[in-house]
Amino acid sequence: MTSGLPGPYADLHVHTTRSDGSLDPEAVPAVAARAGLSVVAITDHDVETPFAGPTIEATEWIDAGAAPAGPGESTAGETPPEGADVTLVAGIELRVKPADGEAVDLLGYGLRRTSALESTIDRIQQNRRERGRAIVDCVADRLGIEFDVSIDDGFGRPHVARAIDDHPDTDLDYQNAFDDLIGSDGPCYVSRELPSFERGRRLLADACDVVALAHPLRYRDPSAALDLASELDAVERFYPYGRTVDTAVVERAIERHDLLATGGSDAHGDRFGLAGLDRAQYDRLAPPGW
């Protein structure tokens, strides 16, 4: 462990500014260390990690991005940066649409770049940008205000909600933005184009060591979502739902389909370690080479 703080050994569900998180990827190791974590997976939506997978020691990534020492300078004896001993897992979160039922999110761990996945991600990001522009235009028109937002790769509704919350000419906060405007039943909601479950599963199976169903008890029909997990490697067993949940259906699916268990905080800020795996659980999940 990187510290004596209590909590999980590994948090395998974290988002950064590469999608809808508020934390820069470079800050992840230090935040993970402060949370007492030894391992963290960066699982941004529809985008690959900024480092090559399947895993990397944070110190390697930090050193790779550091400016080289100047003439006569030496880095010998310098105190390592906070979080340098944290292991980073290359991951991704991909939303897919089954033939029947609601869309679900898949988590891929130990990601290695493939041309097929990169091509699909490019199309998804183009659709995200087009959708983002349509949502922003609708919100601006309905509220009679202008937004100064940058619609880049990874842009999603949380970016719009934050911009509404921060805008001086509206009283809506982040949650109000979803409730009144951009939620799935809101007047400014715009649907996304999603890959099918089978295509998404194949893409991640080819690119990742482990493919898991994310947060199964967040779906309207958890049993239907968990039935899909029979074609995957794992399911997110440990997750901070923010309410009392009965995990028995998840446990039964894990046993019935012989699945691995994963877990994470789904952090979109700097609160890591709200859920995750202990050392023994992580060792069961991690394949050789991690």
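Modeller: A salt bridge is a side-chain nitrogen of Lys or Arg within 4 Å of a carboxyl oxygen of Asp or Glu. Keep that in mind here; this is a predicted model.

Biologist: How many salt bridges count between domain 1 and domain 2?

Modeller: One salt bridge. The side chains of aspartate 46 and arginine 128 form a salt bridge, 2.8 Å from N to O. On the side of domain 1 that touches domain 2, three residues are nonpolar, five polar and four charged.

Biologist: What area do domain 1 and domain 2 bury between them?

Modeller: About 790 Å², with 48% of it on carbon and sulfur atoms. Asp20, Asp46 and Glu48 supply 54% of what domain 1 buries against domain 2, more than any other three residues. In contacts, twelve residues of domain 1 meet ten of domain 2.

Biologist: Now a single residue. Is aspartate 105 buried or exposed?

Modeller: Buried means under 20% relative accessible area. Aspartate 105 has 3% relative accessibility, so it counts as buried. Aspartate 105 sits in strand E5, residues 104–109.

Biologist: Which side chain makes a polar contact with the side chain of aspartate 105?

Modeller: That of arginine 95, at 2.8 Å. Leaving out residues up to four places away in sequence, aspartate 105 also touches others, including Glu93, Leu94, His215 and Tyr219.

Note on methods:
Residues are numbered from 1 along each chain as its sequence is written. This is a predicted model: local features need pLDDT of at least 70, side-chain atom pairs count only at pLDDT 80 or more; totals for chains, interfaces and linings use all residues. Side-chain values use heavy atoms; hydrogens and water are left out. Helices (H or I, at least four residues) and strands (E, at least two) are DSSP runs, numbered from the N terminus. Buried means under 20% relative accessible area, exposed over 50%, partly exposed in between (1.4 Å probe, protein chains only). A polar contact is a pair of N or O atoms within 3.5 Å; within protein, one must be able to donate a hydrogen and the other to accept it, and residues adjacent in sequence count only if both atoms are side-chain atoms. Contact means heavy atoms within 4.5 Å. Buried area is the accessible area (1.4 Å probe) that two parts lose on being put together, summed over both. Ala, Val, Leu, Ile, Met, Phe, Trp, Tyr, Cys and Pro count as nonpolar, Asp, Glu, Lys and Arg as charged, and the others, Gly among them, as polar.
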